[in-house]
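User: Can you take me through this one? I'd like to know how the inside is packed.

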Amino acid sequence: MLLFALTLLAGLGSAPASDPALPEFGACFAILPDVSGDGIPEIAVSSPGVPRSGPPRPGRVWILDGADRSIRHELEGYLPHDRFGERLALGADVDRDGFRDLLISVPGHRGGSVVSHSSATGERCVRTWWPPGEQRFGASLALVDDHDLDGMRDFTVASLSIQPTLERRWTLWLVSARTGQIKRRLARYFGAGSPPEVAAIDDLNGDRRPDFVAVGRGWATLLSSRNGYIAGGSGVTSSADAGFGAAMKNALIRVGDVNHDGWADWATSAPGVQDPRLPYGERSDCGLVTLVSGLDGRRLHEWYGQPGEGLGADLAAFGDLDGDGTPDLVASTVEPFDHGLVYLSGEGRLLKRVRWKHDDPYGHTIERYPDQDGDGHDDVLTNVYGFSSWGDGLRLVSGATGKFIWNLDRASFARQLAAR
């Protein structure tokens with residue numbers, strides 16, 4: 001056992017955190033429309049970091065063919081250290097070519113910006129610059145509903161502002177997809193840890209505009225697109241409970257109407273939550289996933305992970321998996337030697353656990369991907385970066401068994417770039 005541990009540590013020390021040519025390759029990805037017409041969605045993947053050696057360069061984003069992962073378009077940032085591609089999201093069809101476009105955040109370029117590029121051609125469509133006095137505009141990015149009624153779904157952006165008292169605050173902004181114009185400031189929070197994540201929910205306050213839920217470390221808040229905070233009628237307008245993003249990255253998704261009250265519900269996670277079932281003083285990052293009513297903020301269900309599992313590194317909505325008429329969800333785990341997927345029923349049951357067939361800690365981000373191995377189950381696209389014996393990159397794994405379908409690691413992608 002000791003020999004095994006020493007061998008493992010030696011391997012960890014010899015594996016570089018990232019390749020000099022492709023720093024943080026796979027840090028973010030997005031599933032795009034099927035532009036090629038082969039029935040398989042295309043994929044965008046980023047490398048937002050700065051090389052550890054050689055001349056610094058801007059971040060890069062590639063649009064890949066979903067069938068063979070060949071490069072369709074390469075997009076490059078503006079200046080070194082600009083973090084081009086730190087966040088990616090599928091946006092609205094801004095250029096009206098029939099394909100929804102790609103949103104790319106650039107939080108390291110001056111005060112930050114968000115730019116949309118055509119999924120079909122890679123051409124730039126619209127760019128949104130940071131508001132005066134803000135920094136890291138684009139630190140988080142989320143597609144929401146159409147709030148200015150121009151026929152295109154808008155998006156929210158987080159930025160960081162430094163107050164005269166030197167307090168750091170995260171601020172959320174609502175941005176028009178069509179024009180790139182900032183419509184309004186939604187809310188401002190004390191900055192602590194990672195930026196807030198946002199998901200769209202239904203119209204809770206009767207103003208005929210869909211509303212939002214925002215989640216950060218130790219809090220969850222309902223927001224109106226017109227006037228910010230929604231007062232009254234909600235159990236989560238302010239929450240300091242550990243169940244809401246208490247540690248590490250907090251994931252947030254819209255799940256669907258789980259409790260059949262006519263309102264879309266949502267789920268959030270805290271993979272660093274300690275297991276309350278252990279004796280006092282013992283620590284084990286079991287993780288916690290919480291399903292919350294979109295109408296009144298009541299907790300519908302909670303799932304604690306197994307000891308050391310880190311349940312809820314990311315979440316994905318998977319529709320009705322067990323045929324009971326209720327939307328379900330999938331959570332990933334990334335704790336060492338215990339990575340995989342946990343399928344959760346909207347009715348509160350644990351459906352199954354699927355372990356990855358390799359020890360690399362991928363699962364930082366997961367997205368539902370159409371069935372590629374012909375087993376009748378949707379598959380899971382996931383990533384790993386910063387620590388991997390196989391190299392940073394993307395993996396498509398079977399949603400039913402956890403087996404690899406394909407792997408695009410940093411080394412193989414670097415060879416593809418060199419051959420162009």
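Predicted model: local features only at pLDDT ≥ 70, side-chain atom pairs only at ≥ 80, totals over all residues.

User: Which residues have the most contacts inside the largest nonpolar core?

Analyst: Phe25, Trp62, Leu64, Tyr369, Leu381, Trp406 and Phe413, in a core of 18 residues. A nonpolar core here is a set of buried Ala, Val, Leu, Ile, Met, Phe, Trp, Tyr and Cys residues joined through side-chain atoms within 4.5 Å. Buried means under 20% relative accessible area, exposed over 50%, and partly exposed in between, with a 1.4 Å probe and protein chains only.

User: Which elements give two or more residues to it?

Analyst: β1 (29-31), β2 (43-47), β3 (60-64), β27 (393-397), β28 (404-409) and α2 (410-418). Helices (H or I, at least four residues) and strands (E, at least two) are DSSP runs, numbered from the N terminus. Apart from this core lies another, of 17 residues, including Leu160, Trp170, Leu172 and Ala200.

User: What does tryptophan 406 touch?

Analyst: Not counting residues up to four places away in sequence, tryptophan 406 touches Ile43, Arg69, Leu381, Leu394, Arg395 and Leu396. Contact means heavy atoms within 4.5 Å.

User: Now the helix. Which residues in α2 are buried?

Analyst: Arg410, Phe413 and Leu417. They cover an arc of only 65 degrees around the axis, so they sit on the same side of α2. The arc is that of the directions from the helix axis to the C-beta atoms.

User: Why would residues three or four places apart point the same way?

Analyst: Because an α-helix has 3.6 residues a turn.

User: What do the buried residues of α2 pack against, and what is on the face turned away?

Analyst: The buried residues pack against β3, β4 (71-76) and β28. The face turned away from the buried side carries the exposed residues Arg415 and Ala418.

User: Switching to serine 269: buried or exposed?

Analyst: Serine 269 counts as buried because its relative accessibility is 0%. Serine 269 is in strand β18 (residues 265-270), and a polar atom of its side chain lies 2.6 Å from the backbone oxygen of glycine 312.

User: And what is isoleucine 31 in contact with?

Analyst: Leaving aside neighbours within four places in sequence, Pro41, Glu42, Leu90, Glu367, Arg368, Tyr369 and Leu381. Isoleucine 31 is in strand β1.

Key. Residues numbered from 1 in each chain as written. Heavy atoms only, no water. Polar contact = N/O pair within 3.5 Å; in protein donor to acceptor, adjacent residues only side chain to side chain.
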